[in-house]
Amino acid sequence: MSDNKTIIRFNNLTFNFEFNKPILEEVSFSVRSGAKIALMGQNGAGKSTIFKLLTKELQPHSGELSVDQGFTVATARQVIQMEDRELTIEAYFARHSGLETHELRRGISEVLVAVNLHAPLNKVVKSFSGGQQARLLLAAALIKKPDLLLLDEPTNNLDPAGIEHLTYFLMSYGKSCLVISHDANFLNAFTEGVLYLDANTHKVEQYVGNYYDVVEEITARIEKQNRLNARMEKGILENKEKANFFAHKGGKMRLVAKKMRERAEEMESEKVDVRKDDKTIRDFTIPPQDDLVGVILKISAFTIIQNHEEVTKKASVVMGKNEHLLIAGPNGIGKSTLIESLVAGTAAGSSIASGTRVGYYRQDFSTLNFRDTVRQSLEKALKESGNLVQEERLRSVASGFLLTSSLIDTEIGNLSEGLKGLVSFARLVLLRPGLLILDEPTNHINFRHLPVIAAALNEYEGAMVLVSHVPEFIDQIRIDTVLDLEK
């Protein structure tokens, strides 16, 4: 394939999920051979829809999508599908690689080395940590040797070492790559352009440069548009005032007044539409359970994984109201396993005080019923808190998390991963938990929302357990105790 050749072209492409609910509207852009491009935009704007159009899982309603002949595309998805969780590594690749048996093991070995994942082929997928599953998803795409690699939030669940390895891998990757990510620093390390999907216009804006270059360019453009509109507004007001003045003079002055009104209308039409930036969720508070007293959580021992074997270690963690605990450690050591067992009440050497309402933010959102609508899910959280369902309260909380009237009756399974995360936070606000347990709460979330979420967690007055690999996020939250599973 020749260098600088256009391999993908969207030409006035439109896609709707429902009538009068456009996702993409007359979108046009192109991708050249060898390009590494960031695809950015608001949660739920339709970024994953673009990926599904490229892999032909979806078809456009109008316009054209042309792909270079013989060109292959593969996607590293955000999450392992539920039907794949019980498979071994070998069975997982057999299902998704399309390779014959005699090629399979060699192919698996090559891609696992590429993503720095070391595990026996008979290991079951669900036993991997979130970070290990992220590497497995990338390996499943690489084994197809695609000409265009599509990465959907590839840094989710990865520890710093995993992100560093992925960054260097992509910097040296010789083929084309299109990446959805909310991690600006990660994107800036290897991308050379940005496709920005505007959730308001449903169009894609194409830029050269990294994310910070794009933000600077957009900011300058908005300021220029606002200055132009301000001058127009001043001229419109002057013409209207003069028109009103001359209209009362009678005679030929009425003709002058008419011309001035026409000029004001002309200037109104010349005003430019200022680009609307991504909306950010409103500031929020997670109220704690009212009757919290004494010890809420104890951890006297925990189990980790070392060299694929379970090892038990002692601890001395005692938490009460308004105490925050960070559980740290590399991918695969057992952080998610520990907090899952805490919630389930099966963690040996640990206990949660009776009567404590637990708010569990799980990284794969499996605590949500995907068949519930957003409204039904929020109603259930209100009922669990012991409060009556109040429509006004429910809608107020939902709108604060950008869950507007157009989304409130949508099934959760049909939402983007980012919107599922916002539903999860809305539920926590309504639940009023005594113990808040959060496993990688930055996954899938638009980076504009993260300071708001960090502020809410920093101020939370119940007991809180946090797992996160994002230092910039952790630094914004008060942490009273650190339980480092590796040490």
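How much space lies in the second largest pocket? I get about 650 Å³, the volume being the space filled by probe spheres set on grid points joined across faces, edges and corners. A pocket here is an open set of points on a 1 Å grid over the protein atoms alone, where a 1.4 Å probe fits, with protein on both sides within 12 Å along at least five of seven lines.

Caveat for myself: this is a predicted model, with local features needing pLDDT of at least 70 and side-chain atom pairs pLDDT 80 or more, while totals for chains, interfaces and linings use all residues. Numbering starts from 1 along each chain as its sequence is written, and side-chain values use heavy atoms, without hydrogens and water.

Next, the lining (residues with an atom within 4 Å of a point). I find 31 residues there, and H182, D183, L450, V470 and E472 are the closest to the pocket's centre. Helices that give two or more residues include helix 7 (211-247) and helix 13 (450-459); helices are DSSP runs of H or I, at least four residues, and strands are runs of E, at least two, numbered from the N terminus. The lining splits into 15 nonpolar, twelve polar and four charged residues, with Gly counted as polar and Asp, Glu, Lys and Arg as charged.

I see an open one of six strands, order 5-6-7-3-8-9, with mixed pairing; two strands pair if DSSP finds at least two bridges between them. Strand 5 (73-76) and strand 9 (204-208) are the edges. Strand 6 (148-152) runs parallel to strand 7 (176-180), joined by five bridges, and L151 has V179 as its bridge partner in strand 7.
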